[in-house]
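Subject: Structure for your review

Dear colleague,

Please find below the structure I am handing over to you.

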Amino acid sequence: MKEAVLTLLHKGHAGFALMALLVGVVPANAGSFTPPAGCTGWLTVQARACRVSNYYKCTQDTPGDQWRADFDQEGLFFASRIDAEAQWVESIEMNPMVRQTLDAGSQDPASFSELLEGLDTFAFNLTRDNGEASRVRGFDRLTGKSVEIDGVTLLQTEFEFAEEDVSGGALRRSRGNEYIHPGWRLFFAGPSEWDGGSGYVPMDGSPVQFIFPGEPGFFATAPLYECDAVLSSYSRGVSDGK
């Protein structure tokens with residue numbers, strides 16, 4: 001699904017999600033992220049817009065699931081778990097903590113497998129534990145182009161979606177490009193536009209470095225790129241833009 005904008009969640013494992021966040025996280029000033037017991041880190045991504053993301057997998061989860069924890073200059077601000085189809089199984093925003101769930105019975109579930117064939121459409125509803133609910137409709141499409149970033153080959157996608165509040169009717173839209181890695185079954189942010197009701201504004205959280213176990217900077221919590229005061233605030237919007 002949308003790495004940069006949509007935070008999806010379906011049933012289960014909420015207790016483990018909170019344990020992963022509240023027990024497994026080392027403060028940013030300590031310099032290194034430690035995943036919870038039973039979990040193994042495998043990738044760190046330093047990105048534009050002052051964000052670093054640490055990826056890990058846990059034996060307690062369904063096979064194919066994986067976690068991501070996002071940090072900016074102020075520390076952890078977002079965490080999520082996706083399934084093998086790249087749906088967000090759990091997502092939790094920090095400060096204040098809000099948990100989002102994907103409602104059961106999606107009209108058109110997001111599917112990474114369908115995207116690999118060229119096009120995936122999606123239509124589903126979301127609920128947050130603060131009582132907010134919304135409807136999301138859109139698509140992801142392969143462009144036929146690939147890019148190489150830090151020695152890693154990624155496929156480019158184009159996407160567009162709209163999210164409408166169920167109660168108030170407020171509408172948010174996003175469009176642009178992202179990147180996927182077919183083997184990792186992951187989305188990565190790219191250049192896009194976000195409209196929260198006041199017109200489209202550009203944003204770009206594209207990856208810059210891919211860091212693996214044993215390499216300098218693996219599981220770092222300090223972002224490296226575009227980290228001034230304005231972009232630090234912008235990084236939060238890029239990552240959890242709802």
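The link of Cys39 and Cys58 is right-handed, with 105° about the S-S bond. This pair connects distant parts of the chain, since Cys39 belongs to strand 1 (residues 39-47) and Cys58 to strand 2 (residues 51-58), 19 residues apart. The S to S distance in the disulfide between Cys39 and Cys58 is 2.0 Å. Both Cys39 and Cys58 are buried.

Please note that the model is predicted. A search of the whole structure finds two disulfides.

The other bond is formed by Cys50 and Cys227, whose sulfur atoms lie 2.2 Å apart. It also links distant parts of the chain: Cys50 sits in the loop between strand 1 and strand 2, while Cys227 sits in the loop between strand 13 (207-211) and helix 3 (229-240), 177 residues apart. The link of Cys50 and Cys227 is right-handed, with 105° about the S-S bond.

Finally, when the bonded cysteines of the protein chain are numbered in sequence order, the pairing is 1-3, 2-4.

With kind regards

Methods
Residues are numbered from 1 along each chain as its sequence is written. This is a predicted model: local features need pLDDT of at least 70, side-chain atom pairs count only at pLDDT 80 or more; totals for chains, interfaces and linings use all residues. Side-chain values use heavy atoms; hydrogens and water are left out. A disulfide is a pair of cysteine sulfur atoms within 2.5 Å. Helices (H or I, at least four residues) and strands (E, at least two) are DSSP runs, numbered from the N terminus. Buried means under 20% relative accessible area, exposed over 50%, partly exposed in between (1.4 Å probe, protein chains only).
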